[in-house]
Amino acid sequence: MSLFPLLRVPALRSLRSSFRHPILRNPNLFHLGSRSIRRQINMDAQELSNYHADAPPSVVRLEIAKHFDALTDKQKRYAHFISKASFAGNRIVLRQVSPESEPIYDFIIALHNGSGGDWKALAVNAGVGEADLTAFLQYAAQFLGNGGNYKSFGDSKFIPRCEENVFAALAATSPEAQRHYLATGGAIFSTDKPGLMHLGFTDEGHMTTYYPDSPDITQGEIAAVASWMQKTGLLPENTRLRKTKDGNFELIIASARSSAPNEGGDIGKETQYKLEDGPLTGKTITLVYGDYAKEMSAIASYIIKAAENAENQTQQKMHLAYAQSFDNGSLLAFKDSQRFWIRDQGPMVECNIGFIETYRDPAGVRGEWEGFAAVVNLERTRAFGDLVQSAPSLIPLLPWGKEFEKDKFLSPDFTSLEVLSFAGSGIPAGINIPNYDDIRQSEGFKNVSLGNVLSAKAPDEKIPFIADEDMDIFKKFRDPSFEIQVGLHELTGHGCGKLLQETSPGVFNFDKENPPVSPLTNKPVTTWYKPGQTWGSVFGGLAGAYEECRAELVAMYLGCDFPVLKIFGYGDGTVDMDGEAGDVLYASYLTMARAGLVSIEMWDPKSQKWGQPHCQARFAILKCFLEAKDNFCTLEYSNEDLSDLKIKLDRSKILTAGREAVGNFLQKIHIYKSTADVEAGSEFFLNMSNVGLEYWGTKVRNVVLKNKQPRKVFVQANTFLDEATGKVTCKQYEPTLEGMIQSWVERKL
């Protein structure tokens, strides 16, 4: 699970279960419905502008050179090969977004290569003006920063701010660029099929490549295959699902090998299975190996080289397990890699790689390719280490009894990292993985905070909705407050809580004869997880937003504990709302309130659905603030169009009305989750995150859209190995549109 920066209306990711499939009762709980634009007669200019590429995108550089230079030669080689393995999966990411993303990528690279990077000369040659060239470069940088032509945060398509003939003219400057441009099939500018403007299920007309060549596959069929996989123990993260013309199904497994392993796959040597029960009775499921074979082969080879440069046997075993998984498609081998990863405590170079987070699959089960290499920041890591040590004393402060908490808190490794390379559709600010419940519950997990992502700032950044009198405190303390929030969110938020389970028939992880008493009803609980059920499989499509909300609330609740603020260097541990520690706490609550307000950008008034689970979570928390007692939080304005809208939050009431409201909200969603009470939990959370069409869905959303700020796209470094000397150098690029493109060109992917 990863946490994206709040201030760019950005992202947190993944469900924490070993298997997840859509909730059958309502599989559409939060994916964003579609809107028609551009070629529809009733489309207005404001609606169209919501789909335009940012002008300009906020291009920032991930500073890494001084941290990388401090590594030993062996550590640099280790980081280099992990970085190469991660980026070797870039084409997988592109193909997971849309059919046109890979040829768009090749088109951008071909234009650079054809011009030698002289974009002005290219424009003159193509007869393209300066403004149109800028529009192309802005689109290209946003495309590269998002790993495709759909936003990594919000899953909506973005289109260039110039006419189609501009791209055609640029393409005509070289045969290679022309070939790749034609391969996009006009999809760069296409807006005539409204559903394809958003990622989602194909039977609702949306875009997805997780179910290729299957326009008529239904959500019920996807869920039925998921149910079969759950029963057989076949994990879904590295798979795609295809419905064949005869109505059968192919489960396509990512692997370098194009045939089943000689020793058999994760569920045996058979590759074809006939379903004997359920809605697909009589249909067959065939396991097809070799998805992304070329990429998976390259990834495995780089990972083996990383193993050769590992610091210890644990790291080496981790990478060999990765290599096995990427070679033969085994997710059981991948789970072993995660076990070794947990045991690799305190490495100077940290990493993780694979099909990890599942947000972009509309069913929420199949993972997007992701990989990173990062260098440990020892100074900031010490503070997170102190937070880990404090966790066993912090968790009992949460508003539920020990019956709803793990028997023992498994102290994880928690490090502050500086990102060298992060391949995927977006870069988070914090990560809490692995996402397998069985490992997390009994073996542990790791937390990382990505420091240079947190500290990256765009020039001339505007901050709407914060009152003038709060702006100085907000600017000064938003970064430290967010760092503390990341720590509490990942460590105690995702790390706390017990699922009441019947682990196998007749075997319970609680006293079945004397079940725990729910603090919500003061009566013994009557619901729990049945054998084979997981948190994700029970709560389905709502699980992502629900869990992120729970973790955010834990962070807001425990952030009021002043000894926590002391760990990070603020205050002496005593309650002092008027001092610097109070400033940090105030900035934290202001940040969350503002995040909830700007999140409404990701709610669609036509479908009345959320397009981003983290935004849904933060909006629910804003409503919690606004519904707190004693006017704790209000939205104030004097203009009818809300153009002067500001957040007003009473600093003196954070520890009373504010924390009480947070605690009540948190207690409810935690107990509902812990007891598998999906009906009450879903109803409550959907009510808290309901927008409606009047005040919030129209007036507030309009002013949020008018003040929308470009999201950051990160220019990352590249590393280069001198084969003769074995030494690795690191190259950083200018934080410009051209620098972004150059960094990708020099990766030679």
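Is the crossing of helix 5 and helix 9 left-handed or right-handed?

1. The crossing of helix 5 and helix 9 is left-handed, a term used when the near helix is turned anticlockwise from the far one by less than a right angle, with right-handed for clockwise. This is a predicted model, in which local features need pLDDT of at least 70 and side-chain atom pairs count only at pLDDT 80 or more, while totals for chains, interfaces and linings use all residues. Residues are numbered from 1 along each chain as its sequence is written, and side-chain values use heavy atoms, with hydrogens and water left out.

2. Two packed helices are described by the angle between their axes and the distance between the axes. For helix 5 (residues 101–115) and helix 9 (residues 175–183), the axes come within 8 Å and cross at roughly 160 degrees, which makes helix 5 roughly antiparallel to helix 9. Axes here are lines fitted to C-alpha atoms, for helices over the stretch in contact, with angles running from 0 to 180 degrees between N-to-C directions; angles under 35 degrees count as roughly parallel, over 145 as roughly antiparallel, 65 to 115 as roughly perpendicular and the rest as oblique. Helices (H or I, at least four residues) and strands (E, at least two) are DSSP runs, numbered from the N terminus.

3. On the side of helix 5, the contact (heavy atoms within 4.5 Å) is made by P103, D106, F107, A110 and L111, and on the side of helix 9 by E176, A177, H180, Y181 and A183. By class, this contact has 7 nonpolar, 1 polar and 2 charged residues, where Ala, Val, Leu, Ile, Met, Phe, Trp, Tyr, Cys and Pro count as nonpolar, Asp, Glu, Lys and Arg as charged, and the others, Gly among them, as polar.

4. A second pair to inspect is helix 19 (residues 543–558) with helix 21 (residues 580–598), whose axes come within 10 Å and cross at roughly 155 degrees. Helix 19 and helix 21 are therefore roughly antiparallel to each other, and helix 19 passes helix 21 in a left-handed crossing. Helix 19 contributes E552, M556 and Y557 to the contact, and helix 21 contributes S588, Y589 and M592; these residues divide into 4 nonpolar, 1 polar and 1 charged.

5. On cysteines, a search of the whole structure finds 0 disulfides, a disulfide being a pair of cysteine sulfur atoms within 2.5 Å. C351 is in no disulfide, and the nearest cysteine sulfur, that of C730, is 17 Å away. The sulfur of C615 is 12 Å from the closest cysteine sulfur, in C549, which is too far for a bond. At 1% relative accessibility C351 counts as buried, and C615 likewise counts as buried at 0%; buried means under 20% relative accessible area, exposed over 50%, and partly exposed in between (1.4 Å probe, protein chains only).

6. Two cis peptide bonds deserve a look in the backbone. The bond from A55 to P56 is cis, with omega near -5 degrees, and P56 is placed in the loop between helix 1 (45–49) and strand 3 (58–61). A further cis peptide bond joins I433 and P434, with omega about 10 degrees, and P434 lies in the loop between strand 11 (430–433) and helix 15 (437–442).

7. D155 has a positive phi of about 60 degrees although it is not a glycine; D155 lies in the loop between helix 7 and helix 8 (164–171) and is buried, with a relative accessible area of 14%. For N631, phi is near 50 degrees, again a positive value in a residue other than glycine. N631 lies in the loop between helix 22 (613–626) and strand 17 (633–636) and, at 62% relative accessibility, counts as exposed.

8. E295, in helix 11 (residues 293–308), is buried with a relative accessible area of 8%, and, not counting residues up to four places away in sequence, E295 touches A88, R91, I92 and R95. G145 lies in helix 7 (residues 130–146) and counts as partly exposed at 22% relative accessibility.
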